[in-house]
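Colleague: Please walk me through this model. I want to learn how to read each feature and then see the case at hand.

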Amino acid sequence: MRDTGSMPTPMLTIGDFARATRLSAKALRRYDELGLLPPARVDPFTGYRYYTDEQVERARLVAWLRRIGMPLAEVGRVCDLYGTDPAGAARAIRAYWARVESETAARRGLAVSLVDRLKGPADMSFETTSGTASGGASRTTSGEASGAASGTDSGTSSGQGFGAASETAFGTSSETDSGRGLAPPALALWTAVRLDRGLVRPSQQDAALAGPRLLAVADGYGPEGEAAARAVVGALGSVPAPEPPARTGDVLNALEDAVRAADGAVTGLADSGTTLTAALWTGGRLVLAHLGDSRAYLLRDGVLVRLTRDHTVVQALVDAGELDPAEAAERPDRAVLLKALDGGEVPPEPELGVHEARPGDRYLLCTDGLSAVAPAEEIRRALAAGGTPDDAAEALVALARELGGPDNVACVVADVVPADG
């Protein structure tokens with residue numbers, strides 16, 4: 001509170017206070033204007049600002065929080081919290097830094113995929129599981145359509161919503177193959193989608209989509225989680241995608257726009273939201289957008305690679321080296337999300353990635369009803385067992401049920417094959 005009467009003692013001039021707190025006089029004037037760090041007294045004639053020794057600690061906290069990049073609005077909340085609940089202030093700082101780590105990891109994933117696209121394959125740095133089984137895919141011959149699935153109460157479903165197609169071939173991209181001047185071969189995508197309520201949950205809050213070009217899984221939460229997941233998948237499927245041939249940048253922009261539209265579809269669902277992992281097929285590449293703890297995997301030559309990173313507090317602690325991955329699996333708060341689609345004022349930035357496809361690749365998108373209960377090696381075995389995408393999807397749902405089926409499951413399996421094969 002400002003004192004415009006007699007000057008209390010001891011008092012520090014703005015210059016002395018700046019030196020004591022490592023904040024510039026310009027920053028102090030700005031923080032005064034924002035109400036973040038008002039001086040103890042302002043001379044009514046000269047306008048000079050004076051501070052007390054008791055304000056030094058708060059000012060230093062402001063300086064440190066700004067040094068780690070915390071926005072001013074959050075700095076004020078943490079400083080106010082520190083005055084009454086230091087442990088709560090510490091938790092708020094930890095939560096902020098977990099978000100930073102998660103966002104940095106997402107940008108790193110996009111950087112790796114861009115390096116892979118522009119200069120040739122980069123090392124696969126996410127979780128991998130290898131084995132001796134072949135990861136080859138086979139063409140579906142039943143003619144059964146694989147579309148969107150959502151809202152089933154029990155068992156499995158090969159959904160028929162949102163416009164379905166099980167076999168679609170696309171032409172080559174106008175961009176050359178890794179800069180060598182060779183157009184990549186035309187490839188086709190065969191897909192299957194399954195939903196399962198599991199053995200414990202009373203309702204189905206997952207949704208999925210496996211269309212001719214768009215794949216997606218969503219895991220709703222909150223009292224209107226089912227509506228959130230269905231709305232996001234529906235909104236995503238209604239956004240037009242660039243037709244092949246299309247530049248990778250155009251596809252990335254289109255997918256990001258689609259995610260933004262999907263977030264808008266959740267607006268008004270109180271205390272509810274959803275994760276989203278989506279992939280757009282371009283005829284030779286899979287462009288991924290990811291928010292939350294649903295996942296995308298690639299099975300190639302018998303090796304399972306996780307293509308997404310969970311946006312959870314626990315994963316951020318693992319990334320920061322503060323938690324062992326084995327310990328993370330046992331944490332009761334492992335599902336606390338840092339990012340999700342909840343229709344908030346500022347849509348979250350999705351993690352984006354571009355992955356070059358090869359004939360024989362098998363992709364999996366799934367919610368944590370599968371990935372949180374099934375070890376990566378068992379997921380790899382189910383995917384590598386051969387058969388059609390339908391066979392693999394059925395095997396994955398059966399695997400989750402064998403392990404207790406504690407949560408809803410949504411999974412999409414997609415095989416990449418030569419278009420003329």
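Colleague: Which residue follows H11, and is its phi positive or negative?

Modeller: Glycine 386 follows H11, and its phi is positive, near 90 degrees. Two ground rules first. This is a predicted model, where local features need pLDDT of at least 70, side-chain atom pairs need 80 or more, and totals for chains, interfaces and linings use all residues. Residues are numbered from 1 along each chain as its sequence is written, and side-chain values use heavy atoms, with hydrogens and water left out.

Colleague: Which residues other than glycine have a positive phi?

Modeller: Aspartate 271 is one, with phi near 55 degrees. Aspartate 301 is another, at about 55 degrees. Aspartate 271 lies in the loop between H7 and strand S10 (273-274). Aspartate 301 lies in the loop between strand S13 (295-300) and strand S14 (303-306).

Colleague: Is aspartate 271 buried or exposed?

Modeller: Start with the cut-offs: buried is under 20% relative accessible area, exposed is over 50%, partly exposed is in between (1.4 Å probe, protein chains only). Aspartate 271 has 69% relative accessibility, so it counts as exposed. Aspartate 301 is exposed because its value is 64%.

Colleague: How many helices and strands does the chain have?

Modeller: There are 12 helices and 17 strands. Both are DSSP runs numbered from the N terminus: H or I of at least four residues for helices, E of at least two for strands.

Colleague: What share of the chain is buried?

Modeller: Buried residues make up 51% of the 421 residues. The accessible surface comes to about 18800 Å², and carbon and sulfur atoms hold 52% of that. The areas are Shrake-Rupley values with a 1.4 Å probe; for residues, only the protein chains shown count as cover.

Colleague: What share of the contacts links residues 24 or more positions apart?

Modeller: A contact means heavy atoms within 4.5 Å. Among contacts in the chain with a separation of 6 or more, 70% join residues 24 or more positions apart.

Colleague: How do I check the length of helix H7?

Modeller: Compare an expected span with the end-to-end distance. The expected span is 1.5 Å times one less than the number of residues. H7 (residues 248-264) has 17 residues, so it should span 24 Å; its end C-alpha atoms are 25 Å apart, which agrees.

Colleague: Which residues of H7 are buried?

Modeller: Thr248, Val251, Leu252, Ala254, Leu255, Ala258, Val259, Ala262 and Asp263. Take valine 251: its relative accessible area is 1%, so it is buried.

Colleague: How do H6 and H7 pack?

Modeller: Two packed helices are described by the angle between their axes and the distance between the axes. Helix H6 (residues 225-238) meets H7 at about 140 degrees, with the axes 8 Å apart. Axes are lines fitted to C-alpha atoms, for helices over the stretch in contact, and angles run from 0 to 180 degrees between N-to-C directions. The crossing is right-handed.

Colleague: What does leucine 403 touch?

Modeller: Val373, Ala374, Pro375 and Glu378, leaving out residues up to four places away in sequence. Leucine 403 sits in the loop between helix H12 (389-402) and strand S17 (409-418). Its relative accessibility is 36%, so it is partly exposed. Leucine 403 and valine 373 are 30 residues apart in sequence, yet 6.7 Å apart C-alpha to C-alpha.

Colleague: And where is proline 418?

Modeller: Proline 418 is in strand S17. It is partly exposed because its relative accessible area is 34%. Its C-alpha is 8.6 Å from that of arginine 358, 60 residues away along the chain.

Conventions. A crossing is left-handed if the near helix is turned anticlockwise from the far one by less than a right angle, and right-handed if clockwise.
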